[in-house]
Amino acid sequence: MPHPNYAIDEMISAKSIAARIEELAREIRTEFADTDKLVVVGLLRGSFVFIADLVRELDLAVEVDFLEASSYGDGMESTREVRILKDLRGQIEGRDVLIVEDIVDTGHTLAHVTKFLGSRKPARMKTIALLDKPARREVDFKASYIGFEIPDEFVVGYGIDFAQRNRNLPFIGKVRFIDES
Ligand code: 5GP
Ligand code: MG
Ligand code: MG
C-alpha cells in the first residue's frame, strides 16, 4: 500500500465537538420537547459518528433511522445529481423528523433529501449538519442547526472520509497535500 501523499491538520478538536453537541442538543430538546418520539435520520455514511454522539445527548424518546444518498464516491467533487441509494425503514408521515448530516457543501444533497422526505408529509422536519461550508453553496439551502461554519477546505475525521479512510479520527482535520516533486 503506497503511503498517501497528504497530511491531516487538526481543525476542530474532539473536545470542541463534544461541547458544541451539548449546546445543540439543548436547543433540539427544547424545540422537540412536545414530541412523542422523534425520528432521527442519519445520512450514511458520514453522519454515523455525529448521530451516535448527538442522540446520546438528546434525552428525548428517539427512533433512529438511516438514509443513503449518492455522493462524491471516492473523489473530492460533488456529482450534483443526488440519488437515493437506501431508503428509510420506518414511516415518517405525521411524525417529527430530524435529519442529521455531516457537511453542507454545495447544498444539493440536503435540498434533495428534504424534498424527498418532505413529500411523505412529516408533521415537522428539521435538519442538522455538523459542518457548513457556506462559500461553496450552489443551491439555496440552510440547515436548521449547524455545528461549525468552516472555510472551503476538504476535511476528514469524526465520520467523514477521504477515499474511505480517516472516518475513525476523533477530531475534524483538514487535508493538506504534500508536494513530492
Ligand atoms: P453537498 O451535496 O452539500 O455538496 O455535499 C454534501 C456531501 O458532500 C457531504 O455529506 C459529504 O459527504 C461531502 N463533502 C462535502 N465536503 C466534504 C469534505 O470537505 N470532505 C469530505 N470527505 N466530504 C465532503
Ligand atoms: Mg455525505
Ligand atoms: Mg464521502
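Biologist: What makes S5 and H3 part of the story around ligand 1?

Modeller: This is a predicted model, and in it strand S5 (96–104) and helix H3 (108–118) each supply at least two residues of the shell around ligand 1. S5 gives the most, with four residues.

Biologist: Which of the 16 residues around ligand 1 come nearest?

Modeller: Asp102, Thr106, Thr109, Lys133 and Asp161.

Biologist: How do you know that Asp102 makes a polar contact with ligand 1?

Modeller: A polar side-chain atom of Asp102 lies 2.6 Å from an oxygen atom of the ligand. The cut-off for a pair of N or O atoms is 3.5 Å, so this pair counts as a polar contact. Thr106 passes too, because its polar side-chain atom is 2.4 Å from a ligand oxygen. With Asp105 a polar backbone atom is involved, 2.9 Å from an oxygen of ligand 1.

Biologist: And how much of ligand 1 does the protein bury?

Modeller: Taken alone, ligand 1 exposes 510 Å², and the protein buries 93% of that.

Biologist: What is the shell around ligand 1 like by class?

Modeller: Six nonpolar, four polar and six charged residues.

Biologist: Over to the sheet. Why are S1 and S9 called paired?

Modeller: Pairing takes at least two bridges, and six join S1 to S9 (residues 172–177), so they qualify. The two run antiparallel, and Ile12 stands opposite Ile172 in S9.

Biologist: What makes S1 and S8 edge strands?

Modeller: The open sheet has the order S1-S9-S8. S1 (6–12) and S8 (155–156) each pair on one side only.

Note on methods:
Residues are numbered from 1 along each chain as its sequence is written. Chains are lettered from A and ligands numbered from 1 in the order in which they are written. This is a predicted model: local features need pLDDT of at least 70, side-chain atom pairs count only at pLDDT 80 or more; totals for chains, interfaces and linings use all residues. Side-chain values use heavy atoms; hydrogens and water are left out. A residue is near a molecule or strand if one of its heavy atoms lies within 4 Å of it. A polar contact is a pair of N or O atoms within 3.5 Å; within protein, one must be able to donate a hydrogen and the other to accept it, and residues adjacent in sequence count only if both atoms are side-chain atoms. Accessible areas come from the Shrake-Rupley method with a 1.4 Å probe; for residues, only the protein chains shown count as cover. Ala, Val, Leu, Ile, Met, Phe, Trp, Tyr, Cys and Pro count as nonpolar, Asp, Glu, Lys and Arg as charged, and the others, Gly among them, as polar.
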